[in-house]
Amino acid sequence: MADPRDHDFETVLYRHVTPDIVRVSMNRVETRNSQNTQLTYDLNAAFDRANADDQVKVIILAGEGPHFSSGHDMKGGPRAFQGVGTWQNYGAKGAEGPMAVEEEIYLQMCRRWRNIPKPMLAEVQGACIAGGLMLAWVCDIIVASDDARFRDLVVGWGIPGVEFFGHPWELGHRRAREVLYTGDWFTAQEAHQWGMVNHVVPRAELRQYTEEMAKKIADKPLFGLKLTKEAINQTLDAQGQWSAMQTVFVMHTLAHTHWREVNGNGAALYQGESAPKAPGRS
Ligand code: ZN
């Protein structure tokens, strides 16, 4: 039965599992849920809607279709940026404009979602590539199906990892180095072993498993959940996570600028981050 608070965004479905659990699902199946600007702002609006609704206690982030997310897509969508970031001079020449854009739609957006005070569960199936990792990482808990696989291949474009640099925290620094240097896929089982994924379940049970966990969480008092989430976020920040991410983001921007100067084409760069293959790979 549909909940009257359900909503269809252009690229995101907002559906109540129960009155206090919302499933926010990316709905660009034809592009394997690649993240264009429209999807970014739709996700942001959906999370805001869930956060503002006092009845909602838990948010599930999912992807429609066979794949969770194929990563960033700079080829489409509106370019009317909304000012979530702080740099904001989106059209500026040189490094400034692209830095402002990526600060807005990737770094600060992910930071904002990571800090949504209600528990968020990622429900991941199929491919989760580069920018797709950031979407899973901003959630509190990651449940993956046994067919889920992950990779960040952007070192192939001379970039030290995706904009929200969670790799050392999510994988441990040894695995982070290997995953980034090689650009290889890693499986749900490996991600689980390394601590990035909470549970691996059969594909057919993924949705039900995630929803059952969400129900268990939704039994707890909301303020207690918010304080617990904040306690963990504050601990990671005290360990230097956000400080490191901001520093690495500047290096990320340097890498883009360098690539543009050497290769002469910014568009190739942006398309590269969502492309299926890195240069020199078969
Ligand atoms: Zn970038």
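**View 1. An open sheet of three strands, β6-β8-β9.** The strands run in the order β6-β8-β9, and the pairing is mixed. Two strands pair if DSSP finds at least two bridges between them. β6 (127-129) and β9 (186-187) stand at the edges with a single partner strand each, so one side of each lacks a neighbour in the sheet. β8 (residues 149-151) pairs with β9 in the antiparallel sense over two bridges. F150 has F186 in β9 as its bridge partner. Strands (E, at least two residues) and helices (H or I, at least four) are DSSP runs, numbered from the N terminus.

This is a predicted model, in which local features need pLDDT of at least 70, side-chain atom pairs count only at pLDDT 80 or more, and totals for chains, interfaces and linings use all residues. Residues are numbered from 1 along each chain as its sequence is written, and side-chain values use heavy atoms, with hydrogens and water left out.

**View 2. Strand β4 and its two parallel partners.** β4 pairs with β3 in the parallel sense over six bridges. Here R23 stands opposite I60 in β4. From β3 the chain crosses through α1 to β4, and this β-α-β crossover is right-handed. Right-handed means that, with the strands pointing away from the viewer, the path from the first strand over the helix to the second runs clockwise. β4 also pairs with β5 in the parallel sense, over four bridges. L61 stands opposite A122 in β5.

**View 3. The two faces of β4.** Six of the six residues of β4 are buried. Buried means under 20% relative accessible area, exposed over 50%, and partly exposed in between (1.4 Å probe, protein chains only). In a regular strand the side chains alternate between the two faces of the sheet. V58, I60 and A62 point one way from β4, while I59, L61 and G63 point the other way.

**View 4. Helix α1 and its cover.** α1 (residues 37-52) has 16 residues. From first C-alpha to last it reaches 22 Å, close to the 22 Å expected at 1.5 Å a residue. The expected span is 1.5 Å times one less than the number of residues. Buried residues of α1 include L39, Y41, L43 and F47. Among the elements covering the buried residues are β2 (12-18), β3 (21-26), β4 and α2.

**View 5. The loop around P66.** P66 lies in the loop between β4 (58-63) and α2 (96-114). Leaving aside residues up to four places away in sequence, P66 touches V29, Q125 and G126. Contact means heavy atoms within 4.5 Å. P66 and A191 are 125 residues apart in sequence and 19 Å apart in space, C-alpha to C-alpha.
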